[in-house]
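Please look at the picture first, and then we will go through the contacts one by one.

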Amino acid sequence: MARRVEKTDQQWRKQLTAEQYRVTREKGTERPFTGNHQVTDEHGIYHCICCDAPLFENEHKFDAGCGWPSFDRPFGKGRVEEHQDDSHGMRRTEVVCSNCGAHLGHVFPDGPPQTTGQRYCINDVALNFHRGE
């Protein structure tokens, strides 16, 4: 799939904080329990910090106890892409923004069984919450 947002490394570095750049452009992971996005009943949409694409709804967020924001599904079809990730001696499924290719986190099959059974474990610094959307 062709990306709609393409920027140079220098442009990304200028736009993002050092931690946002490390996580989203270099496939890093923030430390657990360091983010600001707590589970609330507030209505809103989480957007990609890099390109502002809507990615996840607050209504589908849950407390997985893992230290990162967790969702049981993306905002809609085609919002994220999933790729096999064999780094760090593990086989995982990486989640990236379909619009700009930003690394968001990983998805695991241990989410709420009463919904999708999926846990999209997403780095807090990769998201920007838009209240009331």
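Tyrosine 46 stands opposite phenylalanine 56 in β2, and isoleucine 45 stands opposite glutamate 57 in that strand. This is a predicted model, in which local features need pLDDT of at least 70 and side-chain atom pairs count only at pLDDT 80 or more, while totals for chains, interfaces and linings use all residues. Residues are numbered from 1 along each chain as its sequence is written, and side-chain values use heavy atoms, with hydrogens and water left out.

Strand β1, residues 44-48, runs antiparallel to β2 and is joined to it by three bridges; strands here are DSSP runs of E with at least two residues, numbered from the N terminus, and two of them pair if DSSP finds at least two bridges between them. β1 and β2 form a hairpin with five residues between them, and aspartate 52 in the turn has a positive phi of about 70°.

Turning to the rings, a search of the whole structure finds four aromatic pairs, where the ring centres of Phe, Tyr or Trp (its six-membered ring) lie within 6.5 Å, and planes under 30 degrees apart count as stacked, over 60 as edge-to-face and the rest as tilted. Tyrosine 46 and phenylalanine 71 are edge-to-face, at 5.2 Å centre to centre with 70° between the planes. Phenylalanine 71 is buried, with a relative accessible area of 0%, buried meaning under 20% with a 1.4 Å probe and protein chains only. Phenylalanine 71 also forms a stacked pair with phenylalanine 56, at 4.5 Å and 20°.

Conventions:
Helix = DSSP H or I, 4+ residues; strand = E, 2+ residues; numbered from the N terminus. Buried < 20%, exposed > 50% of the residue type's maximum accessible area, 1.4 Å probe, protein only.
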